[in-house]
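Please read them beside the structure.

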Amino acid sequence: MKKGLSIVFSLLFVLSLSLIGCSSTEKTGNEETGEKKEKAVEGGTMVYARGGDAVNLDPATVTDGESLIVSEQVLETLVNYEKETTDIIPGLAKDWVVSDDGKTYTFELEEGIKFHDGTDLNADAVAQNFERWMNGKSEAEFPYFVSQFGGFKGDESAVIKEVKAVDENKVEFTLFRPQAPFLKNLAMTAFSISSPAAIEKFGAKYIENPVGTGPFKFESWKRNDTITVVKNEEYWKDGLPKLDKIIFKVITDNSARLNALVKGEVDLMDGLNPSDVAKVEADSNLQIFERPSMNIGYLGFNVEKEPFDNKKVRQAINHAINKQAILDNFYEGTAELAKNPIPPSINGYNDDIEDYEFDLDKAKKLLEEAGFKDGFKMDLWAMPVPRPYMPNGQKVAEAIQADLEKIGIEVNIVSVEWATYLEKTRDGEAPMFMLGWTGDNGDADNFLYALLDKDSIGSNNYSRYANEDVHKLLIEAQTETNEDKRNELYKEALEIIHDDAPWVPIAHSVPQLAGKSTIEGFFPHPTGVQVIDDVSM
């Protein structure tokens, strides 16, 4: 009898727990069939696990995705991308007019929006943000501003001449020359509008205390552990955000991150190992999210350092690396071989280019012609964190090391902390390095001018590559408004870049994310960052 009561009470206890577990969902269904399904409701906390920490939280001063995806929740831009594409839609600006000569843009701001510190979002605040960036002192200070808008005040290559408040809610941009991707550039997270009062208040500490108008407010940051943002109760878009809180949690190992998801310790993760996709697909409690491919993973050379100042050495290494083996072993069907610095999804891609085939004899011959018949010793900087375009930097570096050994190049693999890695590579300390890029705005300019033009040395041109012919083509493509003509200019530039070989383009990946099956409304944007305002669980 006691045993029977014990079983009954145990069953009741289990039932009560199951009811508690369902308390965060509502039941909806078809009344005619009686079919029921769970519907996500607003509120709750999402834990988003990723492979590395942010460098800092002022998006104008960084280029890494780990920083930008947090900033995207806190700050907003004048114009936005659509949820699933890079098409432009209104943001803080509800409307805009472009002059016939393409040199003047006038934006009408939404009215009544306030920053998280209670100050007003107005035309003067927008102008102050751009004045801050335009008066930068070095490419390292505001790297995206240089790579997207040519330079600071006084620079010959600068695109923006003046930004001024016309009235309370109208701001006018005057350009030195037309720029075809100007609106797409403005939609980038790097050009989110911060509270001028907060910038003044926090000074150098603003990078740890961002204040914007976004759906979430910054709450706290535990370095190399968690960043927490909380719901902005006064958000200007009705009904958003749906979550109460997002915690961005660092779990450096891809497999450990998946284990945390399976155990329910996190809700969403990026950097899923390609080999673990089947495991997630077989688990009814989980779901796969695929980010549309708009990236490049590459091996870069510092062309200012010997022996990589010799084009034949760079071409030899292009021939010596077995890129197909790298894709087979580390991407496992989630990437395609790269032969251009831009992915096929970007207008201007040059499919006529023939990739450097894997040919060790050609590689050795080119090394001999360059004066390195017996090879040489060199350092290869390997990425210390998984990124969408490079799921396992250390393993890929080891594969490259083994390939180059076959042509007499002895490789020493170097790895440093992520923020230091980016800083030192940008400053030219790495002779050969692994990096990648996820397109910010869907335009070829964001790859080629940002990464491989002479104007971007010191910001995003880590190879320090400079070619005058390429520069002329890229500037002409910026100012050309006819899309077909722009594409032909980019294709011509890509032919020169291919021959100069400042990189070994490796892969265009389709990044894999995984999350709980209860997540609704989440779409991984092609740019690699997305606001999580309409996501519910």
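1. Two strands count as paired if DSSP finds at least two bridges between them. Strands (E, at least two residues) and helices (H or I, at least four) are DSSP runs, numbered from the N terminus. This is a predicted model: local features need pLDDT of at least 70, side-chain atom pairs count only at pLDDT 80 or more, and totals for chains, interfaces and linings use all residues. Residues are numbered from 1 along each chain as its sequence is written, and side-chain values use heavy atoms, with hydrogens and water left out.

2. An open sheet is formed by 4 strands in the order 6-7-9-8, with antiparallel pairing. Strand 6 (93-98) and strand 8 (160-167) each have a single partner strand, so one side of each has no neighbour in the sheet. On average, neighbouring strands here are turned by 20° against each other, direction ignored. Axes are lines fitted to C-alpha atoms, for helices over the stretch in contact, and angles run from 0 to 180 degrees between N-to-C directions.

3. Strand 6 is joined to strand 7 (residues 104-109) by 5 bridges. In strand 7, Glu108 stands opposite Asp95.

4. Helix 3 (residues 123-134) lies across strand 7, strand 8 and strand 9 (170-175). The helix runs at about 165° to strand 8. Contact means heavy atoms within 4.5 Å.

5. Where does Lys424 lie? Lys424 is in helix 13 (residues 418-426).

6. Apart from neighbours within four places in sequence, Lys424 is in contact with Trp381, Glu429 and Ala430.
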